[in-house]
Amino acid sequence: MQLCDFKDIDISAYGALVVGSGFAGSVVARELAERADMRVLVIEKRTHVGGNMYDEHDESGILVHRYGPHIFHTNDKRAFDYLQRFTGWRDYSHEVLADWYGTYMPVPFNKNSLEIAFGQEQGQAYSEKLVEAFGDERKVTINELRSRQDLELAKIADFVYENVFLHYTLKQWGLTPEEVDPSVTARVPVFISRDNRYFQDAYQGMPASGYTPLFEGMLAHENIDICLSTDATSVFELEFESDEENAPLSAVYVKGSAFLGPIIYTGPLDELFLSRFGRLPYRSLDFVYETYAEQYLLPAGTVNYTVTEDYTRITEFKHLTGQIAATTTIMKEYPRPYDDPKRQIPYYAIINDQNNAHYGRYRRMTDNLGNFYPLGRLAEYRYYNMDVIIGRALDLADKLCASAGA
Ligand SMILES: Cc1cc2nc3c(=O)[nH]c(=O)nc-3n(C[C@H](O)[C@H](O)[C@H](O)COP(=O)(O)OP(=O)(O)OC[C@H]3O[C@@H](n4cnc5c(N)ncnc54)[C@H](O)[C@@H]3O)c2cc1C
């Protein structure tokens with residue numbers, strides 16, 4: 001990887017500018033560098049590449065994720081094949097357990113969970129009821145389950161709502177399940193199955209040596225230079241069509257000249273425009289790490305605390321990475337309101353009509369600038385899994401390579 005200091009760079013040497021080195025930025029940077037033979041400058045405000053996928057060894061030598069546990073899973077063969085170029089894979093299917101007053105049950109809530117919650121006989125009877133109502137091996141959202149006018153289904157729905165969704169959602173979002181966008185609760189359905197895996201995708205696993213080496217490999221190209229610890233908002237000068245608050249962006253100046261090549265921007269749009277319409281709402285997280293002199297502490301990669309505790313979940317990294325060591329490190333996640341951009345990280349966009357409209361105001365300011373491409377979970381104010389972002393980055397790269405004649 002070629003690292004450089006922003007103050008030393010000659011901006012006229014670059015054909016494209018990428019802000020952010022998560023999957024959105026890194027995939028586009030690599031594609032433009034390789035396929036379009038474009039010199040690409042990547043600007044990253046953190047001290048490392050890899051965005052939220054960044055991992056590193058902690059003081060006790062355990063490989064840990066610094067911005068939330070990341071498990072790769074996809075049905076998109078193109079995204080999976082693309083990453084094969086930069087990493088080998090460790091076969092891994094993530095399993096999540098709910099800690100229900102000290103008893104573990106699989107999440108998504110499934111036929112096995114029903115038997116743990118209600119006993120074998122009643123659990124099986126409820127499973128049959130679910131199969132009858134929705135079909136076998138089906139995923140049903142909690143809203144769909146709760147909408148049925150049937151006494152037995154209502155009993156199952158009430159149990160799952162109360163013991164799996166309600167407290168967890170209150171902790172995670174500071175809102176009840178009714179108040180969050182249905183797409184959010186739909187991410188954890190009820191699964192009418194005995195399959196305890198958290199994901200059923202065709203391709204799932206973990207990068208064999210971790211995510212950071214994957215990113216370092218992707219960004220190691222002679223056409224790519226990377227400036228770390230460089231915030232785009234402090235090196236960009238923005239020009240607008242007029243002095244009006246809503247005036248569209250007309251150019252991005254870097255080191256005194258308008259940058260005319262593609263600018264792929266993967267940071268938050270509100271920060272770029274200095275929050276002129278107010279900050280976009282997010283949820284943030286605090287992570288607390290604990291290391292124990294034990295091989296393993298938990299029976300699965302992640303345990304969700306759905307009825308007790310202030311934290312939402314604990315991840316034990318060794319399950320994910322397969323690392324063999326005498327000690328183990330776990331990470332507790334404490335959801336927080338996002339109210340201090342200097343200290344906190346915006347993790348989850350709070351999706352609702354009002355916030356989408358708020359984002360729309362920022363987004364419209366970029367529409368007229370033909371070489372400006374907002375991409376990724378922050379710039380698009382959406383929740384995207386890694387594979388979706390890789391797919392979107394490859395689509396944008398195809399478009400940009402085609403217009404560069406490559
Ligand atoms: C807690 C958590 C767990 C997750 N787990 C999974 C999972 O298990 N599986 C899965 O598929 N997905 C998971 N995701 C989603 C995954 O994190 C995203 O898909 C991924 O981060 C999207 O990549 P990105 O490049 O859009 O954003 P990011 O990874 O956030 O990268 C954006 C980069 O831009 C940089 N940046 C921002 N502003 C500026 C600026 N002004 N100047 C310079 N640089 C800037 C940031 O520092 C960052 O490095 C999870 C998300 C969260 C929050």
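Predicted model: local features only at pLDDT ≥ 70, side-chain atom pairs only at ≥ 80, totals over all residues.
Entry 1: I began with an open sheet of 3 strands, which lie in the order β6-β12-β7 and pair antiparallel. I asked myself why one side of β6 and of β7 is left without a neighbour in the sheet. It's because β6 (72-74) and β7 (89-91) stand at the edges, and each has a single partner strand. I also looked up the twist, which averages 40° from one strand to the next.

**Entry 2: zooming in on β6.** Next I checked how β6 is joined to β12 (residues 203-207), and I found 3 bridges, with the strands running antiparallel.

Entry 3: Then I moved to β19 (residues 302-305), which runs parallel to β8 (residues 96-100) and is joined to β8 by 4 bridges. Which residue in β19 is the bridge partner of Leu97? I found that it's Val303. I kept going and saw that β19 also pairs with β20 (residues 313-316), this time in the antiparallel sense, over 3 bridges. Val303 turned up again here, opposite Ile314 in β20.

**Entry 4: around the ligand.** Last, I looked at the ligand and its surroundings. How many residues surround the ligand? I got 33, and the closest are Gly20, Gly22, Gly51, Gly68 and Gly267. Sorting the shell by class gave me 13 nonpolar, 13 polar and 7 charged residues. I wanted to know which helices take part, and α1 (23-35), α9 (232-235) and α13 (386-403) each supply at least two residues of the shell.

Key: Residues numbered from 1 in each chain as written. Near = placed C-beta within 6 Å. Nonpolar A, V, L, I, M, F, W, Y, C, P; charged D, E, K, R; others polar. Pairing = 2+ DSSP bridges. Axes fitted to C-alpha atoms, helices over the stretch in contact; angles between N-to-C directions.
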